Amino acid sequence: MARSRIKNEDQYDALRDKGYSKEKAARIANTPDAGKKGGKAKPYEEWTKDELYEQAKNVDIDGRSKMTKDELITALRNN
């Protein structure tokens, strides 16, 4: 991806320094309102196992059907 297409160069560079791939860093840096705190969601520990499973399904985590609630939380955080 050409650097001229990056909307937030500083954020892109910071993400690359943290080890993000060029593609992922560009995707984040080009997101509207990137870097602004959002996150109105409750912590994973307060989610039900079914909610965690659905989230794991949305991000395509393998082996999710056999995972415990704690394993789902760990997998989602490390995805």
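**The pairing of α3 with α4.** The axes of α3 and α4 approach within 10 Å of each other and cross at roughly 35°, where axes are lines fitted to C-alpha atoms, for helices over the stretch in contact, and angles run from 0 to 180 degrees between N-to-C directions. This crossing of α3 and α4 is left-handed, a term used if the near helix is turned anticlockwise from the far one by less than a right angle, with right-handed used if clockwise. On the α3 side the contact is made by K49, L52, Y53, Q55 and A56, and on the α4 side by K69, L72, I73 and L76, contact meaning heavy atoms within 4.5 Å. The model is a predicted one, in which local features need pLDDT of at least 70 and side-chain atom pairs count only at pLDDT 80 or more, whereas totals for chains, interfaces and linings use all residues. Residues are numbered from 1 along each chain as its sequence is written, and side-chain values use heavy atoms, with hydrogens and water left out.

**The whole chain as context for the other views.** Of its 79 residues, 24% count as buried, where buried means under 20% relative accessible area, exposed over 50%, and partly exposed in between (1.4 Å probe, protein chains only). Among the contacts with a separation of 6 or more, residues 24 or more positions apart account for 20%.

**A56 within helix α3.** A56 is a residue of helix α3 and counts as buried because its relative accessible area is 0%. Not counting residues up to four places away in sequence, A56 touches I61, R64, L72 and L76. The C-alpha atoms of A56 and L76 are separated by 6.4 Å, although these residues are 20 residues apart along the chain.

**R64 and D60 in the loop between α3 and α4.** R64 is found in the loop that runs between α3 (49-58) and α4 (69-77). R64 is buried yet has no salt bridge, and the nearest side chain of opposite charge, that of D60, is 4.0 Å away; here Lys and Arg count as positive and Asp and Glu as negative, while His and the chain ends are not counted. A salt bridge is a side-chain nitrogen of Lys or Arg within 4 Å of a carboxyl oxygen of Asp or Glu. The side chain of R64 does reach the backbone oxygen of I61, at 2.8 Å. R64 also touches Y53, A56, K57 and L72, with residues up to four places away in sequence not counted. D60, placed in the loop between α3 and α4, counts as exposed because its relative accessibility is 55%. D60 has a positive phi of about 60° although it is not a glycine. Most residues other than glycine have a negative phi.

**The salt bridges E23–R27 and E45–R77.** The count of salt bridges comes to two. In one, E23 pairs with R27, the closest N and O atoms being 3.3 Å apart. Both E23 and R27 lie in helix α2 (residues 22-29), four residues apart, which is about one turn of the helix. E23 is exposed, with a relative accessible area of 59%, whereas R27, with 48%, is partly exposed. E45 forms a salt bridge with R77, and the closest N and O atoms of that pair are 2.9 Å apart. E45 lies in the loop between α2 and α3 and R77 in helix α4, so the pair ties together parts that are 32 residues apart in sequence. E45 counts as partly exposed at 44% relative accessibility, and R77 is partly exposed as well, with a relative accessible area of 47%.

**The pairing of α1 with α2.** Helix α1 (residues 9-17) packs with α2 at an angle of about 145°, their axes lying 9 Å apart, and the crossing in which α1 passes α2 is right-handed. From α1, residues Q11, Y12, L15 and R16 meet K22, A25, A26, I28 and A29 of α2.

**P32 in the loop between α2 and α3.** P32 has its place in the loop between α2 and α3 and is exposed, with a relative accessible area of 66%. The C-alpha atoms of P32 and N8 are separated by 9.8 Å, while the two residues are 24 residues apart along the chain.

Terms used
Helices (H or I, at least four residues) and strands (E, at least two) are DSSP runs, numbered from the N terminus. A polar contact is a pair of N or O atoms within 3.5 Å; within protein, one must be able to donate a hydrogen and the other to accept it, and residues adjacent in sequence count only if both atoms are side-chain atoms.
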